Amino acid sequence: MEFSSKLLEKAVNEMAQLPGIGKRTALRLVLHLLKQPEEQTQHLAQALTTMREEIKFCKSCHNISDVALCEICSNPLRNNKVICVVEDIRDVMAIENTGQFKGIYHVLGGKISPVDGIGPSQLHIASLVEKVKGGGIEELIFALSSTMEGDTTNFYIFRQIKDCEVKTSAIARGIAVGDELEYADEVTLGRSILNRVPFEHSMKNL
């Protein structure tokens, strides 16, 4: 792809770094921005810069937040004795959209994947185990995607807390094996939360 401007080329190359954005799509987006009023592009750039500099991660659940403790963890109406374990922030958004879960979350930041060089130490597993062993947690809901990596991560955490007095459950397999939570429709995902099964039972279906 030939560019008549080095500035345009640089902007397109940066835009193309975003997931799912190829060079042609990046070019269309950059050209669209050039057609907009200059202040609109400045607002976009400022919003991204501010987000990157000021965004925080909840000190309790590792969800994205504007403050040290996210709105979910600090909400007195949430049941902080029930923790839903998810892979990333998109899963929190997906489950929240169902309106069916009133507990709190724990965002792992990924799942165990030896092929990709991701082990337990790269994830927020230790803080979850510490939270459970600290007492006061009644139930842990495993809501990772139904993939080999997701199941491996679930089982690893289960082994770490098996001696604790905490109920462990997994979302019902209404979510097809191999599917990611963020792509499930809200009704299916909501039902999978409500109809969760004991984790030991879910292992029999693997």
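## Pockets and their surroundings

Tutor: Of the 206 residues of the chain, 38% count as buried (buried means under 20% relative accessible area, exposed over 50%, and partly exposed in between, with a 1.4 Å probe and protein chains only). This is a predicted model, in which local features need pLDDT of at least 70 and side-chain atom pairs count only at pLDDT 80 or more, while totals for chains, interfaces and linings use all residues. Residues are numbered from 1 along each chain as its sequence is written, and side-chain values use heavy atoms, with hydrogens and water left out.

The chain has eight helices and seven strands (DSSP runs numbered from the N terminus, helices being H or I with at least four residues and strands E with at least two). Contacts (heavy atoms within 4.5 Å) give a view of how the chain is folded up. Among those between residues at least 6 apart in sequence, 55% join residues at least 24 apart.

Now the empty space. Rolling a probe the size of a water molecule over the atoms shows where empty space is left. A pocket is an open set of points on a 1 Å grid over the protein atoms alone where a 1.4 Å probe fits, with protein on both sides within 12 Å along at least five of seven lines, and its lining residues have an atom within 4 Å of a point. The largest pocket holds about 550 Å³ (the space filled by probe spheres set on the points, which are joined across faces, edges and corners). Helix H1 (6-15), helix H2 (23-35) and helix H3 (38-54) are the elements that each give two or more residues to the lining of this largest pocket. The lining has 18 residues, and those nearest the centre of the pocket are Ala11, Met15, Val30, Leu33 and Thr41. By class, the lining of the largest pocket divides into 13 nonpolar, three polar and two charged residues (Ala, Val, Leu, Ile, Met, Phe, Trp, Tyr, Cys and Pro count as nonpolar, Asp, Glu, Lys and Arg as charged, and the others, Gly among them, as polar).

Met15, one of the residues nearest the centre of the largest pocket, is buried in H1, along with Leu8 and Val12. These three lie on the same side of H1, because they cover an arc of only 65 degrees around the axis (the arc is that of the directions from the helix axis to the C-beta atoms). The buried residues of H1 pack against H2, another of the helices that line the largest pocket. On the other side of H1, the exposed residues are Lys6, Leu7, Lys10 and Glu14. Where H1 starts, the backbone nitrogen of leucine 7 has a side-chain oxygen of serine 5 within 3.2 Å.

Which residues line the second largest pocket? They are Asn63, Ile64, Ser65, Asp66, Val67, Cys70, Glu71, Ile72, Ile89, Val92 and Met93. Strand S2 (64-65) and helix H4 (89-98) are the elements that give two or more residues to this second lining. The largest share, three residues, comes from H4. The volume of the second largest pocket is about 210 Å³, and its lining has seven nonpolar, two polar and two charged residues.

Isoleucine 64 is partly exposed, with a relative accessible area of 39%. Leaving aside residues up to four places away in sequence, isoleucine 64 touches Ile55, Lys56, Phe57 and Ile89, and Ile89 also belongs to the lining of the second largest pocket. The C-alpha atom of isoleucine 64 is separated by 9.5 Å from that of valine 107, which is 43 residues apart from it along the chain.

The loop between strand S1 (56-57) and S2 contains histidine 62. Histidine 62 is buried, with a relative accessible area of 16%. Its phi is near 75 degrees, a positive value in a residue other than glycine.

Methods:
A polar contact is a pair of N or O atoms within 3.5 Å; within protein, one must be able to donate a hydrogen and the other to accept it, and residues adjacent in sequence count only if both atoms are side-chain atoms.
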